[in-house]
Amino acid sequence: MTDKIHLNRPQLQNLYADMLRIRRFEAKCTELYQAQKIRGFLHLYDGQEAVAVGVLAALSAADAVVATYREHGHALARGVPMKLLLAEMLGKVEGCCRGRGGSMHIFDRERRFFGGNAIVGGGLPLAVGIAMADKQLRPGAVTACFFGEGAVAEGAFHESMNLAAIWQLPVLFVCENNLYAMGVPLADAESQTDIYRKAEAYRMASLQVDAMQPLQMEAAARQALAHVRGGRGPFFLECRTYRFRAHSMFDPQAYRTREEVEQWQHQDPVQRLRNWMASNHWMTAEEETAIDTAISTEIEAAVAFAEAGTLEPVADLERFVLMATVVQENADVQEDVQGDVQENADQQEASP
Amino acid sequence: MNDRSVRMTYREACRQGIRAALQADPRCFVMGEDVGKYGGCYAVTKGLLEEFGSTRILDTPLAENGFTGAGIGAAVAGLRPIVEIMTCNFSLLALDQIMNNAATLSHMSGGQFSVPLVIRMATGAGRQLAAQHSHSLEGWYAHIPGLKVLAPATVEDARHMLAAALADPNPVLIFEHIVLYNTEAELDNTITSVDISQARVQRSGTDVSLLTYGNGLPKCLAAAEILAAAGISCEVVDLRILRPLDMASIVASVTRTHRCVIVDEGWKSGSLSAEIAARLAEKALYELDAPVIRVCSREIPVPYAAHLEQATLPQTDDVVKAVQALVKQAAGPDD
Ligand SMILES: Cc1ncc(C[n+]2csc(CCOP(=O)(O)OP(=O)(O)O)c2C)c(N)n1
Ligand SMILES: [Mg+2]
C-alpha cells in the first residue's frame, strides 16, 4: 500500500514531525497533570499518533472532524493552536473553550473541529448530521469521525452506520481499534473482532489497516477519502493500533501485562518512522534536530501562554447556556461571544 | 477504633456491601462496564472478580441500554442482578430500559411481574470532569413512579443500603456521590442493617431545618457547625431516600424549627428541591415562619475550570449565608 504514496522528503518529515509533536505534547501534559495544573480526566494518545496524523493530513479545511475524549492529537493535527489547547486544559479563559470544556472537550469552530466528546459513541450521530448539512451546503466536504473500538458495542454506533449508509452521506468513520476499552479486551466485548466487517452489514465500504505503520495508515486514509469524495457514500476505516499509556491517569492497568505493552512498544510508530527515515536518508541529523527544537520551542511557548492565562470571571458563569442568535460557522468569534443571553436572572439573585 | 467499630472509606463500605450480598445469595451477581478486570471505574468492585469469578462479576461491553435491560429481564426471571452503570451520565443511554421497562412492568402487567433489580451508579460533580461527566440525575429519577431512589451519604448507608435494596421487590437505584468515595468514618459493627424508608436527623437543632442528601450532607453539617458558633441551631436531615420521600420526617423537622433550607446539587427547575418545597407548601405552610430557601447548583452545564465548577455547586458558605438571611428575615427587619 505504501506504493500509493509518492514519497517525498518534506512530506515524510512533516508526517514524522506531526507525530512527534503529539507525542511530546502528551508528555508535557503528563508533567502538568502531575503538577496538578491539568485536572479531571486526562486521556493520552501515545501509540496511536499515526491515525490522527494520517487522516488529518489528508483532510482539507472544508472538511469536518468529530473526535472523542482522547483528542489532543486530533486537535493538534487539525491545526488547533497548541497554546489554545493547553490554556483550555489549564482552565484559562484564553483556552479554545474558555476553560469550560477541558481536556475532553476541545472545540474549534474555525477549524471545523466539533469536539471532544466524553460519551462513548456520542460523536457518531453528530457526524451523521454534520455530513447531512454538508451534503447540501458544502458539497465535497467530508466529516471524519474518530472513535474507539469500545464505541462499536453501543447502539449509537449501529444507528449511525445505518443512517450514513442509507442516506449515502459523506462520513469517514475512523475506528481506532487499540484493543482495549478501558480494561475490557476486544475479544471480551465483540463477537466479531474484525471490526471492519461490521461495515459489511450496512453495505458500507471498509478497510482494515495496520496503524502502527504511518505510511500505510496515510495511504489508507487517502484511499478512503477518495471514495467518500467521489460521492460513493460513507467509508469505514478500522485502524489497528495500541495505546501505550494507561487509559487515563487513574488506571493501574491490571488488565494487561507489562510484557504485552513492551511488545507493542517495539512497534512504536514514531520511533520506527524516525529510524527508517534516518537510515534511508530521508532525514539528516540536522533536520531531526531542527524538528525537535521547533517542537520544544512551540511547547515552551504554549506552556508559557497557558500559565500566563487568566480565569474567566465568575460573574460570566451563566453565559452561553442559551444563545441569542444562530452562530454562523464562519462568523467572527468575538462577535457572537457577545451574542449569548442570560437565561437565569432568577437564579442569580436566588442565593440570599 | 475498637472491637465494636471499624474505620473505613465510603468506597470500602460499598464494596463490603456488595461482597456480603454475593455471599448471601447465589442468585446475586454484578454486571457492568469494567467491574471485573479493571476493578471498577471508581475501584468499588476491586478484588471481587478474583474472589467470586467471572460469572458473578460480569464485565460487559459498552452497551448501557443493553446490559441494563438484560438486568431487568434477569431480575424478572428470578436472578438478583446488581447492575453498575459507571456514572449517572451514562445512565442516560439506559434511560429507555429503566423508565419504560423497569419502572412499568409491574404496573402494566397488572401485578404479574416484579423487578427486584438494583442499579448502582456514581453521581455528582466536584472533580473537574466537565459537563458530560458531572450531572446529578438522582432528582430526575425520583420523578419516575415505579422506582425507588436511594442516596447514601454516610459510610453506614453505603455499607448497608444495598442489602435492603436487594430485598425490595422493586427496581432500586442507588446513587453514590463521587466526592464521597474517599471519605472515612467509623462503622459500627453492631449495626447489621438499615431501613430504606426513612430520612434521618443527623444533627438536632431548633432554628432551621437543613434538608439534604448525598454530598450535601457533609456540607450542611459543616455549615451547622459554623452557624452554631454564631448562635444559630440547625437541624440537619439526611433525606437518604429520594423516592418515595419520607415527608413525615421532613414535616416533623420543619414543625420543630419553622424554617427550612433545602440543599441539593441538582438544578432547581423541575427538581427534587422544587418537589420538597411544593410538598411543604401543601402540608406544612402554616408551620413555616419564612419562605423555604433552596441552595442548589447554578443552572448551567458544569464547567471544567476549578473556580467555575466550585462556583456552580452549592457550597458550605452558601448554606451558611442562606441560613443567616433566613433567620434574620424571620426575626423581622427591626430585630
Ligand atoms: C456511554 C459511556 N459509557 C462509559 C463511559 C466510560 N468510558 C470512557 S472511555 C471508555 C472506554 C472506551 O474505549 P474505546 O472506545 O475503545 O476508546 P479508547 O479509550 O480505547 O480510546 C469508557 C468505558 C463513557 N465515557 N461513556
Ligand atoms: Mg479502545
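By class, the shell around ligand 1 consists of twelve nonpolar, five polar and five charged residues. Here Ala, Val, Leu, Ile, Met, Phe, Trp, Tyr, Cys and Pro count as nonpolar, Asp, Glu, Lys and Arg as charged, and the others, Gly among them, as polar. The model is predicted: local features need pLDDT of at least 70, side-chain atom pairs count only at pLDDT 80 or more, and totals for chains, interfaces and linings use all residues. Residues are numbered from 1 along each chain as its sequence is written, chains are lettered from A and ligands numbered from 1 in the order in which they are written, and side-chain values use heavy atoms, with hydrogens and water left out.

Of the 22 residues around ligand 1, those that come nearest are Tyr69(A), Arg70(A), Ala118(A), Asn178(A) and Glu64(B). A residue is near a molecule or strand if one of its heavy atoms lies within 4 Å of it. Because residues from chains A and B surround ligand 1, the site is shared between chains. A polar side-chain atom of Arg70(A) is 2.8 Å from an oxygen atom of ligand 1, and a polar side-chain atom of Glu149(A) is 2.9 Å from an oxygen atom of ligand 1. At Gly150(A), a backbone N or O atom lies 2.9 Å from an oxygen atom of ligand 1. Taken alone, ligand 1 exposes 580 Å², and the protein buries 96% of that. Such areas come from the Shrake-Rupley method with a 1.4 Å probe; for residues, only the protein chains shown count as cover.

Chain A is divided into domain 1 (9-312) and domain 2 (321-352), with bounds that come from an automatic or database domain assignment. The C-alpha centres of these two domains of chain A are 31 Å apart.

The backbone of chain A has a point of interest at Met182(A). Its phi is near 50°, a positive value in a residue other than glycine. Most residues other than glycine have a negative phi, and most peptide bonds are trans. Met182(A) sits in the loop between strand E4 (180-181) and strand E5 (184-185) of chain A. Helices (H or I, at least four residues) and strands (E, at least two) are DSSP runs, numbered from the N terminus. With 13% relative accessibility, Met182(A) counts as buried; buried means under 20% relative accessible area, exposed over 50%, and partly exposed in between (1.4 Å probe, protein chains only).

Chain B has a positive phi as well: that of Ala43(B) is about 60°, although Ala43(B) is not a glycine. Ala43(B) belongs to the loop between strand E2 (28-32) and helix H2 (48-52) of chain B and, at 22% relative accessibility, is partly exposed. Gly47(B) lies in the loop between E2 and H2 of chain B and is partly exposed at 37% relative accessibility. Gly47(B) and Arg15(B) are 32 residues apart in sequence, with their C-alpha atoms 9.3 Å apart in space. Elsewhere in chain B, the peptide bond from Arg243(B) to Pro244(B) is cis, with omega near -5°. Pro244(B) is placed in the loop between strand E12 (241-243) and helix H10 (247-257) of chain B.

Helix H8 of chain B, residues 155-167, bends by about 35° at Met161(B). The bend at a residue is the angle between axes fitted to the seven residues ending there and the seven starting there. Ten of the 13 residues of H8(B) are buried, so the helix is largely enclosed by the rest of the structure. Among those buried residues are Asp157(B), Arg159(B), His160(B) and Met161(B).

Ser209(B), in strand E10 (residues 208-212) of chain B, is buried with a relative accessible area of 0%. The side chain of Ser209(B) makes polar contacts with the side chain of Ser253(B) at 2.6 Å and with the side chain of Thr257(B) at 2.7 Å. A polar contact is a pair of N or O atoms within 3.5 Å; within protein, one must be able to donate a hydrogen and the other to accept it, and residues adjacent in sequence count only if both atoms are side-chain atoms.

Leu180(B), in the loop between strand E7 (172-177) and strand E8 (184-188) of chain B, is buried with a relative accessible area of 1%.
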